[in-house]
Amino acid sequence: MAILVTGGAGYIGSHTCIELIQKGYEVIILDNFYNSKPEALNRIRKISGGDFTFCECDIRDRAGLDKIFAENKVDAVIHFAGLKAVSESCRKPLEYYENNVGGTVTLCEAMRDAGVKKIVFSSSATVYGSNNPSPLREDMPAGGTTNPYGTTKFYIENILKDVYAADNEWSIVLLRYFNPIGAHESGLIGEDPNGIPNNLMPYITQVAIGKLDCLNVFGNDYPTPDGTGVRDYIHVVDLAKGHLCAVDKALSGTGLNIYNLGTSKGYSVLDVIKAFEKASGKKVNYRFAPRRSGDVAVCYSDPTKAKKELGWEAAFDIEQMCRDSWNWQEKNPKGL
Ligand code: NAD
Ligand code: WQD
């Protein structure tokens, strides 16, 4: 089976491509390197011991997409390509709607016209907004997102639901990721953020390696056991494996299905700092700072549906996630 992976040079995409290649899928990677580097492709080859086709292309480039579908057999698409920085999305909402929503519409048009109607889409736990209590289940109402990035995911989910309602030959899997951290055990690929990281784990690893001085812990007055925010961190390799189950689901028939990919466990910011210090042997300098706007107190998954219907379950614990994040950071202090 041949899978087109948009955004395949990025953090989650590169880990997923390795799993796909190792399982014998033919892989075609599409990326515009907006938030990734060509070196990621060399690393995918090195780790997987296999090869793939690469197309430097933008998902908003209809002619470029048509050429890819004309020149390659594609059975399904895993669609990672998108912009993902929450704070940037508040400053540049139009860029986020254009790239994420517009790009997905263009991709789906090209897919439809090429007769490829199977897609796995990278959605996010952010679509649950701030009104649902954890553990979050797929049948809870989505919406009430707190930033333009999250709203792009909510809109795209709705667009894909409409696409399926209009033509039920489509097979669509919406994956709602919780908080991916960690890296491939080789330490050759991992999260490589541009500039100062927005997310907790890359910030922690950059403090530990001495690139940043001190972690700001956003809020210590939440209604949680230690007052800091609680999240469902998931190892990126577990997440990558979830995509193989999801793409098999997409290939096996038609329909629209939504799955949480999380562990069901919630860890506070202080829990993560402690687990990281234990796994790395490094001290993480931190101070308490005011709450970050748009943050919820608690967010963790009920992943029962993915286990029951996809046979997928996360395997790695928080210590392994921290060990692998640190291994990646130590081996690549400047990123890729
Ligand atoms: P990433 O930025 O590392 O990867 C995204 C890739 O898409 C990058 O390689 C980038 O160059 C590429 N890209 C962006 N716009 C493109 C365009 N118009 N055309 C072609 N390529 C384009 O991000 P990631 O963490 O790997 O996330 C992958 C997907 O998962 C994204 O859609 C993101 O919103 C979603 N997601 C991520 C998280 C997370 O915390 N990392 C959580 C939930 C959902
Ligand atoms: C985790 C916890 C922060 C940084 C975001 C997106 C979400 C999804 C995953 C893409 C929170 C605290 C963080 C720091 C801190 N992305 N924190 N100091 O906000 O749960 O989710 O990434 O879809 O859509 O919103 O992840 O890693 O930013 O924060 O104290 O410097 O760490 O307040 O409690 P978040 P995060």
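Strands here are DSSP E runs of at least two residues, helices are H or I runs of at least four, and both are numbered from the N terminus. Before going on, a word on the source: this is a predicted model, where local features need pLDDT of at least 70, side-chain atom pairs count only at pLDDT 80 or more, and totals for chains, interfaces and linings use all residues. Side-chain values use heavy atoms, with hydrogens and water left out.

Now the polar atoms. An oxygen atom of ligand 2 sits 2.8 Å from a polar backbone atom of L200, and a polar side-chain atom of S124 is 3.0 Å from an oxygen atom of the ligand.

How much of ligand 2's accessible area does the protein cover? The answer is 88% of the 680 Å² that the ligand has on its own, by the Shrake-Rupley method with a 1.4 Å probe.

Last stop, E88, which belongs to helix α4 (residues 86–91). E88 counts as buried because its relative accessible area is 17%, and buried means under 20%, with a 1.4 Å probe and protein chains only. Leaving out residues up to four places away in sequence, E88 touches Y34 and Y96, where contact means heavy atoms within 4.5 Å. Thanks, all!

Definitions and conventions:
Residues are numbered from 1 along each chain as its sequence is written. Chains are lettered from A and ligands numbered from 1 in the order in which they are written. A polar contact is a pair of N or O atoms within 3.5 Å; within protein, one must be able to donate a hydrogen and the other to accept it, and residues adjacent in sequence count only if both atoms are side-chain atoms. Buried means under 20% relative accessible area, exposed over 50%, partly exposed in between (1.4 Å probe, protein chains only).
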